[in-house]
Amino acid sequence: MPKLISKDAVMDNPWTVMTTSTGPEILQSVPGKNFIVPLQFWKLYQEELSNYDGAIAVWIDSNEQPGQIADDLHSLPLIALNFPAFSDGRSYTNARELRQKYGYKGEIRAVGDVLRDQLYYMGQCGFDTFEIRHDQDAELCLDAFKDFKTGYQSTIAEPTPLFRRR
Amino acid sequence: MYRYDGYDHQMLADRVAQFRDQTNRYMDGKLSETEFLPLRLQNGLYVQRLAPMLRIAVPYGMVSATQLRKLAYIANHYDKGYAHFTTRQNIQFNWPALADVPDLLADLAEVEMHAIQTSGNCIRNTTTDQFAGSAVDELEDSRAYCEIIRQWSSFHPEFAYLPRKFKIAVCGTADDQAATQVHDIGIYIVKGPNDEVGFRILVGGGLGRTPVIGKEIFDFVEKKHLLTTLEAILRVYNREGRRDNKYKARIKILVKETGVDEFRNKVLEEWALVKDSSLTLTDEEIDRCQKFFDAPDYQDLGNSPQELTDKLQSNLLFASWHSQNVKPHKVAGYSIVTVCFKETGVAPGDVTDQQLKQIADLADHYSFGEIRISHKQNIVMADVRQDQLFDLWKALESGAMASHNLGLLTDVICCPGGDFCALANAKSIPIAESIQRKFDDHEELTNIGEMNLNISGCMNACGHHHVGNIGILGVDKKGEEYYQVSLGGSSKNNASLGKIIGPSFAQEDIPDVVETIVGVYKDKRSGDEKFIDTFNRIGLAPFKEKVYAKAD
């Protein structure tokens, strides 16, 4: 079970990621759960999903864009942005876009190849929670958010750039 | 020059601690090779043929005397007593041990230096004209804007894992010495409507495997929109740049495949979101950064003082150095001096710890304690009193730094090549040396006149061979090192990519090939026409004919 952290604590994870190989029929057999479903799945089975009595969130891969479901974003409690490899930087831009362009207020979760040494930057770009890779030490990962005391940029976590603060 | 405040120091200290921790985890086996790779690259650390290579950032090429002394100490303490100037105004050390690097970085931090983002798929050191602030043909000093970009791009959380590396150059002079058009983003400081000063922005230039001249994306951007515009361009690139093939991952390919007009539309769409955000530059911030580059305390002097004109008449060697290496300054009585590091027999751009110390002393004595590194791997003292030029020259001569071949055929740009670099297909330093040995007559060199000869040991093009008037590229032919020659490249305002003359040559043939090319030029030039102009007039054919006729 991958470990989940926020910027300051280890957390329980009530969400289960559903893979594309599953069909919507699983929803009938396990009522009242929290499922994160892939974007394509969500688009295909919107009706079944809207009738489900549990909570539904969407999983967006790094080559997909939140804009594809712009109109529905606000009804989603959580969006998971995938890092297929830690070196794939597209989900940083997707996270910022969710906040900056679409004003998304729900939880943004980093999933996939999520490692200690990228957490600080993810935290700056609008991610709230981090499903760290199985081999990562959750306590050590929490230190990552203290790697830098401040930065130069205007970010989601600190919208005022340093030149307006110094 | 820019001085750190508490914030800058804090960030640098945080970075040093972060990298120390990462290095320790790697050495303890807790961080895999693959996971450590981009972390060490973003701290300038390559693993090379013989040892790690550490690239130190020199923001827009500016170095103080204090920093030079620290670099000399590092060359001596952690390396084999020398350093190397790169083609992006940085400094490299070829021999530090991995375990020492965190200490080395801590030493650098004491003098406000670091190796941040000198490699890796992130925004690299912003470069500019090495005469900035002193040039006669400057609209505005580019360095304040370079510093603003440096801060924005350092540790940018969204752009640390781009599809590929990203290079920005800023040019504020009429004569472009910064190779601006072959950068991922090239910025010209220009006058716009109502004579307001702002920026003309090019995108998608670059060398490497697919050389491209940048295309204009905006003909005029107001100063306050500098960072929001850059942020919008980077956001489109980060999202849409190709990640399936590292050879097609630079922004130039994206711009080419998208088309510049469509690319501009995408940028404008992103820009609309940030254009009036808190990232909009304030007048106060521009003023604050400009103040760091205020004119030094110039004396009220006249041009061509007696001390200078006397020595020019009485000392031929000095006169020759003066005519080649000394350029006019915007302030009367001052000159810009380039110390050319292209002594035959020394790898282009290599400098010893002793020379670094000596340059530091000379900078303190003659040029307000500052120097610049040029992308042509030389050093510039930008504010030297004309009545002190002779004394400076004497001092340089005593340190074997008075080469008077600046801008001539033997002022070669050259990458470290197969002698050091793990990527290289072929050696490049011995090629430079063999050409320098062939052309060892200074009179002949000045007769040939202005000429750039650029050498790269592989198609990554660190030696800028595509934009050399003569470009030489090392290639691997069935395990043997061969050299492809191209002609007619230029990185100036009329930037152009060289044309390949024909089949490649063996290493030992290269000096003769260059001699033949020069011979054709001398034969065909009219009056004092430069090589590049003759080439543009007569084309490749006459050169090709002669070079291969000889080979038969």
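Author: Here are some terms, each set against its definition. The model is predicted, so local features need pLDDT of at least 70, side-chain atom pairs need 80 or more, and totals for chains, interfaces and linings use all residues. Residues are numbered from 1 along each chain as written, and chains are lettered from A and ligands numbered from 1 in written order.

Reader: Why is helix H5 (residues 143-153) of chain B called oblique to helix H6 (residues 226-240) of chain B?

Author: Their axes cross at roughly 45 degrees and come within 11 Å. Axes are lines fitted to C-alpha atoms over the stretch in contact, with angles from 0 to 180 degrees between N-to-C directions. Under 35 degrees is roughly parallel, over 145 roughly antiparallel, 65 to 115 roughly perpendicular, and the rest oblique. Therefore H5(B) is oblique to H6(B).

Reader: Which residues of H5(B) and H6(B) meet?

Author: B:Tyr145, B:Ile148, B:Ile149 and B:Trp152 meet B:Leu226, B:Leu227 and B:Leu230. Contact requires C-beta atoms, placed from the backbone, within 7 Å.

Reader: What makes strand E14 (residues 370-373) of chain B a partner of strand E3 (residues 62-64) of chain B?

Author: Pairing takes at least two DSSP bridges. E3(B) and E14(B) have 3, so they pair, and they run antiparallel. B:Val63 is bridged to B:Ile371.

Reader: Are the residues of E14(B) buried or exposed?

Author: B:Glu370 and B:Arg372 point one way, B:Ile371 and B:Ile373 the other, and all are buried. Buried means 20 or more other C-beta atoms within 10 Å of a residue's own (exposed: 12 or fewer; partly exposed: in between), with C-beta atoms placed from the backbone.

Conventions: Helix = DSSP H or I, 4+ residues; strand = E, 2+ residues; numbered from the N terminus. Contact = placed C-beta atoms within 7 Å.
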